[in-house]
Amino acid sequence: MVDVGSFTSAAGIWRRDDEMDRQVRFPIPAYVIETEEERILVDAGLHPAAAENAARHYDTDELGIFELELEASISVRLDLSTITKVVVTHLHFDHAGGLALLPASVPIIIQRREWDAGHDTAAVKKNFFRPRDYQSVDEQIVLIDGDHDLLGDGSIQLLLTPGHTPGHQSVRVGERLVLGGDVTHFASGLDDHRFPIFADNFAAQSASADRLRVLRDSGALVRPGHDPDVVVPGPVAA
Ligand SMILES: [Zn+2]
C-alpha cells in the first residue's frame, strides 16, 4: 500500500452513529500488485491540486467538509512509467483524483455501470462525483461488466461490489487477500454494517459487505477502505 493522502472530517459521516463533533483523520490508500509481467495500480488517490485547494480545483464548495492532505501523489510515490494497468474501485475523488497523473498509454479498468454513472447528471450529483477527476482519461478506459478475471489466469479477480457507488468493485488477489475498496470504510463494517451516512444504495452495499464477509470467514484478509487502525502503508500481509 502506498499513502496517497488523507481526509479529516466528522467521524459520524463515515460510520453511522459515530459522533459528528469528533474529527478523524482517514488514510487514503492506493495499492500496487506486482506479478512477473505486470505492475497493477489499484486506485490513484488525491490529485495534488485538489489537496492544495479543493474548491478551486473542482470549482465547488462541496468538499468543504473535508480537510485534505497529501504528502506525495502517486506520481511522486511511484514510477508511473512502470505501471501496466490501473484498476479503479470507484470514481470518488479520493480514488480517482490521481488518474489524470497517469501516462496516457496505461489502460484504466472500471465497471461499466460506474463509468455510466459518472456521466449521468443525477448519478453524479447523488454520488458526489467530480467529473474533473476522470474527464481527461476517456481514451484509456476499459469497461467491464461484473466479475472479471483481470489477467485471464484467475490470479486477480475484480468483484462487482456495488452500493457505496453504482459500480463499485473490489479486487481479489489470490485466495487470501481482498482489497475491499469502500464497501466498508472500517474492518468492523463487514459485521456491523455501520456504513457512511451516504450511499448510492444501502441494500446493495449490505449485500456487497456480506459477500466480502463470506470471503473473510473463509480465510481471506479483507482490507477495508479507510480504517485508520488497519490501513497503513507498506506490504499487505495475506
Ligand atoms: Zn474512499
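This briefing covers the fold, sheets, core and a few individual residues of the structure above. The model is predicted. The protein has nine helices and 12 strands.

**Overall shape**

- Along the principal axes, the C-alpha atoms fill a box of roughly 45 × 40 × 35 Å.
- Buried residues make up 43% of the 238 in the protein.
- Take the contacts between residues at least 6 apart in sequence: 63% of them join residues at least 24 apart.

**The seven-stranded sheet**

- Seven strands line up as β4-β1-β2-β3-β5-β6-β7. The sheet is open and its pairing is mixed.
- The edge strands are β4 (67-69) and β7 (141-144). Each has a single partner strand, so one side of each lacks a neighbour in the sheet.
- On average, neighbouring strands here are turned by 25° against each other, direction ignored.
- Strands β3 (residues 39-42) and β5 (residues 85-87) run parallel and are joined by three bridges. Leu41 has Val86 as its bridge partner in β5.
- Strands of a sheet pair through backbone hydrogen bonds, in a parallel or antiparallel sense.

**The five-stranded sheet**

- A further open sheet holds five strands in the order β8-β9-β10-β11-β12, again with mixed pairing.
- Strands β8 (148-149) and β12 (221-223) stand at its edges. With a single partner strand each, both have one side left without a neighbour in the sheet.
- Strand β11 (residues 177-179) pairs with β12 in the parallel sense, over three bridges. Val178 has Val222 as its bridge partner in β12.
- Helix α9 (residues 202-217) packs on this sheet and touches β10 (169-173), β11 and β12. The direction of α9 makes about 145° with that of β12.

**Nonpolar core**

- The largest nonpolar core has 50 residues. Val42, Val86 and Val87 have the most contacts inside it.
- Strand β2 (residues 23-34) gives the largest share of this core, with four residues.
- Val87 is in contact with Ile40, Val42, Ile109, Leu158 and Val171, leaving aside neighbours within four places in sequence.
- In soluble globular proteins, nonpolar side chains tend to be buried together.

**Gly5**

- Gly5 is part of strand β1 (residues 2-10).
- Gly5 counts as buried because it has 26 C-beta neighbours inside 10 Å, where the cut-off is 20 or more.
- Residues up to four places away aside, Gly5 touches Ile28, Gly45, Leu46, Ala51, Leu68, Glu69, Leu70 and Asp94.
- Ser73 is 68 residues from Gly5 along the chain, yet their C-alpha atoms are separated by 7.5 Å.

**Positive phi in loops**

- Most residues other than glycine have a negative phi.
- Phe128 is not a glycine, but its phi is positive, at about 55°. Phe128 lies in the loop between α7 (121-126) and β7.
- Phe128 has 14 other C-beta atoms within 10 Å, so it is partly exposed.
- His193 also has a positive phi, near 55°. The loop that holds His193 runs between α8 (189-192) and α9.
- With 15 other C-beta atoms within 10 Å, His193 is partly exposed.

Technical notes
Residues are numbered from 1 along each chain as its sequence is written. This is a predicted model: local features need pLDDT of at least 70, side-chain atom pairs count only at pLDDT 80 or more; totals for chains, interfaces and linings use all residues. A nonpolar core is a set of buried Ala, Val, Leu, Ile, Met, Phe, Trp, Tyr and Cys residues joined through C-beta atoms within 7 Å. A residue is buried if 20 or more other C-beta atoms lie within 10 Å of its own, exposed if 12 or fewer, and partly exposed in between; C-beta atoms are placed from the backbone. Helices (H or I, at least four residues) and strands (E, at least two) are DSSP runs, numbered from the N terminus. Two residues are in contact if their C-beta atoms, placed from the backbone, lie within 7 Å. Two strands pair if DSSP finds at least two bridges between them. Axes are lines fitted to C-alpha atoms, for helices over the stretch in contact, and angles run from 0 to 180 degrees between N-to-C directions.
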